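Terms are given with their cut-offs where they come up.

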Amino acid sequence: MKVLVIGSSVCDVIINVQQMPLIGEDENVISQSLNLGGCAFNVANILKYLNIPFDLLSPVGIGIYGDFVRNEMIKKNIPILLESKEDNGCCYCIVDKSGERTFIAHHGGEYHFYPQDFLKINPKDYQYVYVCGLELEEETGIHIIEFLEENDFHIVFASSSRIHHINKKRLERILSLHPILHFSQNEILSYNHIHTIEEAAIDLYKKTQNIVIVTLGSQGCYYYDGKHHYVDPYPTKIVDTIGAGDSHVASVIAMLYQNQSIDKAIDKGNQIAAKVVSQKGANLI
């Protein structure tokens, strides 16, 4: 059995600046680089780092960004299961001196999934499946949900900061599949509009009857499984936070795949996320 990772692989254009400019202001770029990223790729890359068998179901399109993604995946020896005839987009990752990032994404074919794409794989090969909310907000995201509904998986759903852009009925269908939910603190509070993460987690747990995980940055991680739990952080010096959440959820999946406890899984997530934010970009390998 393997882990199936569904989602995008993206060319990240990482732009380092002193601070994010306000409207009408100018800001000089300190440095700029191209990295292979995207939520799904980042998850797959950590699974590879942790020696967990996986398949990355991620469309690779055409154009300069599609060529970049394709070449980088070949270098990293990650099989390309889906070829798209659409142009790939990119993600402009603006990182300020504190290490915090702001994303400006241009979505292309890397976010689009079609029914025939799922014929490339055998669902019986997988125990855990990772899904990100970014793909579900696209018009073609309905096909991902239909695939999940047709099969029996342990689903891990990372909402993304754009959870409000997902059609409400689609979101209800995902939650009805009883996924493990993975949020940042800002994501869960903005979704629920509830004052505390504990209250928000209880509300979501009632809908999924499964674990709700909330990363807290330098404060570690919280999760709710019918009871409230906190897992200590691994202190580190932040260089940039790109891929922090992706590396955390990937580590949790890796440990659960190995039948470890949720406490050990989240502790591993905290450890790996700390390592990722201490360097530029999300790639550990």
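## Helices α6 and α7

The crossing of α6 and α7 is left-handed; a crossing is called left-handed if the near helix is turned anticlockwise from the far one by less than a right angle, and right-handed if clockwise. Helices here are DSSP runs of H or I with at least four residues, strands are runs of E with at least two, and both are numbered from the N terminus. The model is predicted: local features need pLDDT of at least 70, side-chain atom pairs count only at pLDDT 80 or more, and totals for chains, interfaces and linings use all residues. Residues are numbered from 1 along each chain as its sequence is written, and side-chain values use heavy atoms, with hydrogens and water left out.

Helix α6 covers residues 185-192 and helix α7 residues 197-208; they pack at about 70° with their axes 9 Å apart. Axes are lines fitted to C-alpha atoms, for helices over the stretch in contact, and angles run from 0 to 180 degrees between N-to-C directions. The two helices are therefore roughly perpendicular, on a scale where angles under 35 degrees count as roughly parallel, over 145 as roughly antiparallel, 65 to 115 as roughly perpendicular and the rest as oblique. On the α6 side, Q185, I188, L189, Y191 and N192 meet I197, A200, A201, D203, L204 and K207 of α7, contact meaning heavy atoms within 4.5 Å. By class, this contact holds 7 nonpolar, 2 polar and 2 charged residues. Ala, Val, Leu, Ile, Met, Phe, Trp, Tyr, Cys and Pro count as nonpolar, Asp, Glu, Lys and Arg as charged, and the others, Gly among them, as polar.

## Helices α8 and α9

Helix α8 (residues 244-257) packs against helix α9 (residues 262-277) at an angle of about 145°, and their axes are 7 Å apart. This crossing is right-handed. Residues of α8 in the contact include A244, V252 and L256, and those of α9 include I262, I272 and V277. The residues of this contact divide into 11 nonpolar, 5 polar and 2 charged.

## Whole chain

The chain has 9 helices and 14 strands. A compact globule of 285 residues would have a radius of gyration near 19 Å, and the 18 Å of the chain agrees with this; the radius is taken over C-alpha atoms, and the globule rule is 2.2 Å times the number of residues to the power 0.38. The C-alpha atoms fill a box of roughly 50 × 40 × 35 Å along the principal axes.

Of the 285 residues, 54% are buried. Buried means under 20% relative accessible area, exposed over 50%, and partly exposed in between (1.4 Å probe, protein chains only). Among contacts between residues at least 6 apart in sequence, 69% join residues at least 24 apart.

## Buried positions

In helix α4 (residues 141-149), the buried residues include I142, I145, F147 and L148. Their cover includes strands β1, β9 and β10 and helices α3 and α5.

A44 lies in helix α1 (residues 39-49) and is buried, with a relative accessible area of 0%. Leaving aside neighbours within four places in sequence, A44 is in contact with V5, F54 and L56.

## Positive phi

N77 is not a glycine, yet its phi is positive, near 60°. N77 lies in the loop between α2 and β6 and counts as exposed at 66% relative accessibility.

Q209, also not a glycine, has a positive phi of about 55°. Q209 is found in the loop between α7 and β12, and at 51% relative accessibility counts as exposed.
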